[in-house]
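The following briefing walks through selected features of one model, grouped by topic. Please keep the sequence and the coordinates open while reading.

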Amino acid sequence: MDYYIAPSLLSADFGRLAEEVSAVEKAGADLIHLDVMDGRFVPNITIGPSVVAAVKRYAKVPLDVHLMIVEPERSLEAFADAGADVITIHPEATTHLQRALARVRELGKKVGVSLNPSTPLSAIEWVLTDVDMVLLMTVNPGFGGQAFLPSMTGKIELLRSQISRAGLPVDIEADGGIKTDNVAEVVRAGANVIVSGSGIFGTKDYGKTIAEMRKNIRRAVSAPA
């Protein structure tokens with residue numbers, strides 16, 4: 001299994017966005033994670049397609065765009081045109097989940113589906129064959145810098161078990177409160193795409209931080225079961 005680190009721009013210095021993207025890329029980022037919030041699905045407002053397009057102009061790694069917005073199906077084309085490489089949507093935010101996921105695929109993008117902490121895995125049971133990645137929120141979405149919810153470790157484990165039993169090539173992305181000191185726990189549970197906002201951008205040396213994360217991931221993967 002391949003493992004990826006995706007710094008979340010939610011915790012970056014937006015006054016130096018180009019420099020921040022370049023810095024985490026040089027530090028070893030595999031993806032750039034962008035949180036799109038509308039003030040309705042979550043209690044915050046962040047960015048829209050124009051910012052995604054701006055980041056796309058100077059990013060060299062793929063853009064992982066997480067839509068935390070109501071009726072995401074209305075905005076899929078805009079974010080696809082802006083340069084998103086992965087588009088992730090929530091079943092809690094749309095009435096016709098499978099249709100929306102299919103539209104992301106039609107637009108030529110990788111397909112992601114995401115769950116809030118309290119939303120059961122059964123909400124995505126019948127679309128696992130339609131996605132490339134499941135994003136499990138390990139905090140309640142809306143704000144950066146929150147603490148990891150320990151109960152989400154079991155949720156990650158259960159999802160990995162379901163995916164493995166079905167033999168599906170689906171990544172598990174975890175997002176929320178993940179730092180160098182708990183990334184191993186998240187990886188051991190079954191996640192292989194790690195989103196970290198303040199855990200990277202809140203440190204002085206992005207390269208050192210990402211290297212430490214990778215070292216802890218390797219140790220977790222190689223440790224005896």
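Which residue stands opposite Asp175 in S7? Met137 does, and the two strands concerned are described below. This is a predicted model, in which local features need pLDDT of at least 70 and side-chain atom pairs count only at pLDDT 80 or more, whereas totals for chains, interfaces and linings use all residues. Residues are numbered from 1 along each chain as its sequence is written, and side-chain values use heavy atoms, with hydrogens and water left out.

**Sheet**

- Strand S6 (residues 133-137) pairs with strand S7 (residues 171-175) in the parallel sense over 5 bridges, where strands are DSSP runs (E, at least two residues) and helices are runs of H or I of at least four residues, numbered from the N terminus, and two strands pair if DSSP finds at least two bridges between them.
- An open sheet is formed by 8 strands in the order S1-S8-S7-S6-S5-S4-S3-S2, with parallel pairing.
- Strand S1 (4-7) and strand S2 (32-37) stand at the edges with a single partner strand each, so one side of each is left without a neighbour in the sheet.

**Helix H4**

- In helix H4 (residues 97-106), the buried residues are Leu97, Ala100, Leu101 and Val104, buried meaning under 20% relative accessible area, exposed over 50% and partly exposed in between (1.4 Å probe, protein chains only).
- These buried residues fall within an arc of 100° when seen down the axis of H4, so they line one face of the helix; the arc is that of the directions from the helix axis to the C-beta atoms.
- On the other side of H4, Arg99 and Glu106 are exposed.
- Gly108, which follows H4, has a positive phi near 85°.

**Salt bridges**

- The count comes to 8 salt bridges, each being a side-chain nitrogen of Lys or Arg within 4 Å of a carboxyl oxygen of Asp or Glu.
- Arg103 forms a salt bridge with Glu77, their closest N and O atoms being 2.7 Å apart; Arg103 lies in helix H4 and Glu77 in helix H3, so the pair ties together parts that are 26 residues apart in sequence.
- Glu77, Arg103 and Glu106 are linked in a network of salt bridges.
- Lys56 forms a salt bridge with Asp85, with the closest N and O atoms 2.9 Å apart; Lys56 lies in helix H2 (residues 49-58) and Asp85 in the loop between H3 and S4, so this pair ties together parts that are 29 residues apart in sequence.
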